[in-house]
Amino acid sequence: MAPARYVGRMEPTRTLYELLGGAEPFERLVRSFYEGVKTDPVLRPLYPEPDLGGAEDRLRLFLIQYWGGPDTYSQERGHPRLRMRHLPFAIGQRERDAWMTQMTRALDTLDLAPVVRDTFLRYFEGASLAMMNRD
């Protein structure tokens, strides 16, 4: 999977992971997201594990890799196969909207430049639509 790249004016091409300074913003994003999931009546039932730590680790590693950081996710879990991995869970419009609500809330806890926030949101919009598997 090729890392997502952002080309700034007068700046060499760098990954979003590099532009944000490494793993720390991704750690905060995912931690904030799962804090919301814990109490979300629509999303919490989709996570069968009593402790969300494993899900948190997987999402954090995936996002870091996707946005140009180390490929630890693939080394540990293989190809992401996001749609296949989410098929066992009933994800319709309601679940997708709840996921986007929590992810947008988590994004808003970070101090991101508008272009970076919009880049994340565009990705999350498309990815969350692709995970839908129920009417």
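Buried, in this report, means under 20% relative accessible area, exposed means over 50%, and partly exposed lies in between, as computed with a 1.4 Å probe on protein chains only. By that scale Met103, at 0% relative accessibility, counts as buried.

The structure is a predicted model, in which local features need pLDDT of at least 70 and side-chain atom pairs count only at pLDDT 80 or more, whereas totals for chains, interfaces and linings use all residues. Residues are numbered from 1 along each chain as its sequence is written, and side-chain values use heavy atoms, with hydrogens and water left out.

## Confidence

The pLDDT, which is the predictor's confidence in each residue on a scale from 0 to 100, has a mean of 91 for the protein, and 91% of the residues reach 70 or more. Helices (H or I, at least four residues) and strands (E, at least two) are DSSP runs numbered from the N terminus. Where pLDDT is low, the predicted coordinates should not be read in detail.

## The nonpolar core

A nonpolar core is taken here as a set of buried Ala, Val, Leu, Ile, Met, Phe, Trp, Tyr and Cys residues joined through side-chain atoms within 4.5 Å. The largest such core holds 35 residues, of which Phe33, Tyr34, Tyr47, Leu63, Phe120 and Phe124 touch the most other members. At least two residues of this core come from each of α1 (16-19), α2 (24-39), α3 (53-66), α6 (93-107) and α7 (114-131).

Two residues illustrate the packing through their contacts, a contact being heavy atoms within 4.5 Å. Once neighbours within four places in sequence are set aside, Phe124 is in contact with Leu29, Leu63, Trp99, Met100, Met103 and Leu107. Met103, whose place is in helix α6, touches Leu29, Phe33, Leu59 and Phe124 when residues up to four places away in sequence are not counted. The C-alpha atoms of Met103 and Pro70, which are 33 residues apart along the chain, are separated by 22 Å.

## Charged side chains

A salt bridge is a side-chain nitrogen of Lys or Arg within 4 Å of a carboxyl oxygen of Asp or Glu. A search of the whole structure finds 7 salt bridges, including the following.

| Pair | N to O distance |
|---|---|
| Glu35 and Lys38 | 2.9 Å |
| Asp97 and Arg96 | 3.2 Å |
| Arg96 and Glu125 | 2.5 Å |

Glu35 and Lys38 are 3 residues apart in helix α2, so about one helical turn separates them. Glu35 is partly exposed at 45% relative accessibility, and Lys38 is likewise partly exposed, with a relative accessible area of 46%.

Arg96 is buried, with a relative accessible area of 9%, while Asp97 is partly exposed at 34% relative accessibility. Arg96 also forms a salt bridge with Glu125; because Arg96 lies in helix α6 and Glu125 in helix α7, the pair ties together parts that are 29 residues apart in sequence. Glu125 counts as partly exposed at 34% relative accessibility, and salt bridges that share partners join Arg96, Asp97 and Glu125 into one network.

Asp40, in the loop between α2 and α3, is buried yet has no salt bridge, the nearest side chain of opposite charge being that of Arg94, 7.1 Å away. For this assignment Lys and Arg count as positive and Asp and Glu as negative, and His and the chain ends are not counted. The side chain of Asp40 does reach the backbone nitrogen of Val42, at 2.8 Å. With neighbours within four places in sequence left aside, Asp40 is in contact with Pro45, Ala98 and Gln102.

## Asp71 and Gln75

A polar contact is a pair of N or O atoms within 3.5 Å; within protein, one must be able to donate a hydrogen and the other to accept it, and residues adjacent in sequence count only if both atoms are side-chain atoms. Such a contact, of 2.5 Å, joins the side chains of Gln75 and Asp71. Gln75 is found in helix α4 (residues 72-77) and is exposed, with a relative accessible area of 60%. Asp71 is found in the loop between α3 and α4 and is partly exposed, with a relative accessible area of 39%. The C-alpha atoms of Asp71 and Val42, 29 residues apart along the chain, are separated by 31 Å.
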